[in-house]
Amino acid sequence: RIINANYYSAKAADAIRLIKYAANDKLPEGVRLEALSAIEGWNDNHPLDTTTGLPTAQPKDREDIKSAVQANLGEVFKAAKGKVLAQCTRLAMKYGYEIKSEILLGQLNNAGVSLEVRQEALNSLVARKAPGLEEVVSKLLNDKNQGLRLKALDALMKLNSAKAVPSAIKLIQNGSLLDKQNAYALIGAQDNTAVTSLLVADLDKIIKGQGNPPTMLDVIEAGKINPNADVKAKLAEYEKTIPPTDMMKKFRPSLNGGDIERGKDVFLNHGAAQCVRCHKVNDFGADVGPNLSEIGKTQKREYILQGIVDPGAVVAKGFGMVTIKLKNGQSVAGMLSNETKKEITLKSMDGKEKKYAKANIVEQLPPISGMPPMQFLLKPTEVRDLVAYLSSLKKAKKMKSH
């Protein structure tokens with residue numbers, strides 16, 4: 001509440017108080033980060049109070065705090081470690097606080113500091129185009145930390161794409177799966193002879209059914225952004241092999257290679273898909289759709305993928321909307337709860353169930369899924385990650401009772 005009060009007051013003096021608060025290393029890391037976040041997002045428009053969640057009137061004018069940050073951020077740096085140090089580095093870059101390149105290089109090359117700090121140091125060095133950085137970044141391509149290797153390749157691509165492309169292709173040939181996927185994403189936009197040869201060859205393998213499943217989607221996505229005419233022609237050739245209505249063939253490249261943690265984030269937090277509004281995993285979510293806590297144990301990846309991109313094709317029992325027409329001319333719709341040879345049971349929107357004898361039914365339409373086709377709401381890479389996450393759900397976790 002104190003942090004929010006200073007943020008919404010919007011004066012330079014308030015910003016100084018927040019910075020001094022963050023400089024106190026006796027306070028918990030979380031509140032120090034929250035204070036720095038208020039500085040980082042000083043000029044953002046936040047219609048809701050983050051403490052109460054209620055709409056809050058914004059000040060008409062927020063004072064410029066650049067000078068205040070430059071004059072006081074050094075106090076935070078004196079006692080900054082871990083995430084606080086990383087956020088300080090971001091603030092320094094945003095507000096023009098001068099950190100000597102030697103200090104940033106020290107952070108970057110220190111394997112003992114956190115990945116986030118090293119990445120932010122690298123971001124700052126790239127932004128200022130520090131002398132000799134290209135050589136430093138080239139060495140980091142062999143760092144033991146995979147996250148830093150990926151960031152280093154991205155940095156080298158910005159500094160010297162001609163030098164970065166061979167390194168990226170080397171990772172595609174010999175790196176880990178994440179290295180390969182990241183490298184494809186970075187070379188996609190490069191109009192380079194070696195890149196053209198690689199993408200054309202890889203797309204050709206996919207057309208012939210010989211593509212590497214975990215990286216097929218990355219090859220296709222790289223082809224979509226590549227400007228070379230030969231790559232575009234080969235991509236068009238691939239797209240001609242996909243019938244317009246065959247969602248499974250269109251999204252088959254999303255079947256393998258996804259990241260479980262990113263997929264979990266899609267399931268829990270994606271603003272458009274909103275999976276948890278209908279589905280439950282380990283007692284978290286809703287019961288509108290099937291419980292997915294063990295779907296990876298009971299279903300194969302193909303079934304999961306189809307359920308995401310073509311939900312009408314795989315309606316789970318008990319969750320399809322069925323419409324029947326009775327002999328008296330009445331039409332009834334509801335969720336199909338149960339069906340036997342003699343009767344069906346439908347659940348209405350108010351949760352009540354009612355049985356109908358099949359002898360009185362003259363027409364029964366196939367069940368319709370209430371789930372929207374996610375191919376319109378999720379990117380192919382997000383679909384891939386979601387498949388990976390759902391496939392990993394093989395045993396429901398028992399929630400602790402209180």
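Reader: Which residues of α2 meet α3?
Author: A15, L18, I19, Y21 and A22 in α2 meet V31, R32, A35, L36, A38 and I39 in α3. Contact here means heavy atoms within 4.5 Å. Helices (H or I, at least four residues) and strands (E, at least two) are DSSP runs, numbered from the N terminus.

Reader: Before we go on, what kind of model is this?
Author: This is a predicted model, in which local features need pLDDT of at least 70, side-chain atom pairs count only at pLDDT 80 or more, and totals for chains, interfaces and linings use all residues. Residues are numbered from 1 along each chain as its sequence is written, and side-chain values use heavy atoms, with hydrogens and water left out.

Reader: At what angle do α2 and α3 pack?
Author: The angle is about 150 degrees, and the axes of α2 and α3 are 8 Å apart. Axes are lines fitted to C-alpha atoms, for helices over the stretch in contact, and angles run from 0 to 180 degrees between N-to-C directions. The two helices, α2 and α3, are therefore roughly antiparallel; angles under 35 degrees count as roughly parallel, over 145 as roughly antiparallel, 65 to 115 as roughly perpendicular and the rest as oblique.

Reader: And what about α1: which of its residues are buried?
Author: In α1, residues 2-9, the buried ones are I3, N4, N6, Y7 and Y8. Buried means under 20% relative accessible area, exposed over 50%, and partly exposed in between (1.4 Å probe, protein chains only). The buried residues of α1 pack against α2 (12-22) and α3 (29-40).

Reader: What comes just after α1?
Author: A10 does, with a positive phi of about 70 degrees. Most residues other than glycine have a negative phi. A10 sits in the loop between α1 and α2, and A10 counts as buried because its relative accessible area is 0%.

Reader: Where is K129, and is it buried or exposed?
Author: K129 is in the loop between α7 and α8. With a relative accessible area of 69%, K129 is exposed. Phi of K129 is near 50 degrees, a positive value in a residue other than glycine.

Reader: Which residues do α7 and α8 bring together?
Author: R118, L122, L125 and V126 in α7 meet L133, V137 and L140 in α8. The axes of α7 (residues 115-127) and α8 (residues 133-140) come within 11 Å and cross at roughly 150 degrees. That makes α7 roughly antiparallel to α8.

Reader: Changing topic to strands: how do β4 and β5 pair?
Author: β4 (residues 331-339) and β5 (residues 343-347) pair in the antiparallel sense over four bridges. Two strands pair if DSSP finds at least two bridges between them. β4 and β5 form a hairpin with three residues between them, and M335 has K347 in β5 as its bridge partner.

Reader: How many bridges join β5 and β6?
Author: Five bridges, again in the antiparallel sense, join β5 and β6 (residues 353-357). The bridge partner of I344 is Y356 in β6.

Reader: Last one: what does the side chain of D385 join?
Author: A polar contact of 2.9 Å joins the side chains of D385 and R262. A polar contact is a pair of N or O atoms within 3.5 Å; within protein, one must be able to donate a hydrogen and the other to accept it, and residues adjacent in sequence count only if both atoms are side-chain atoms. D385 lies in α19 (residues 380-391) and counts as buried, at 6% relative accessibility.
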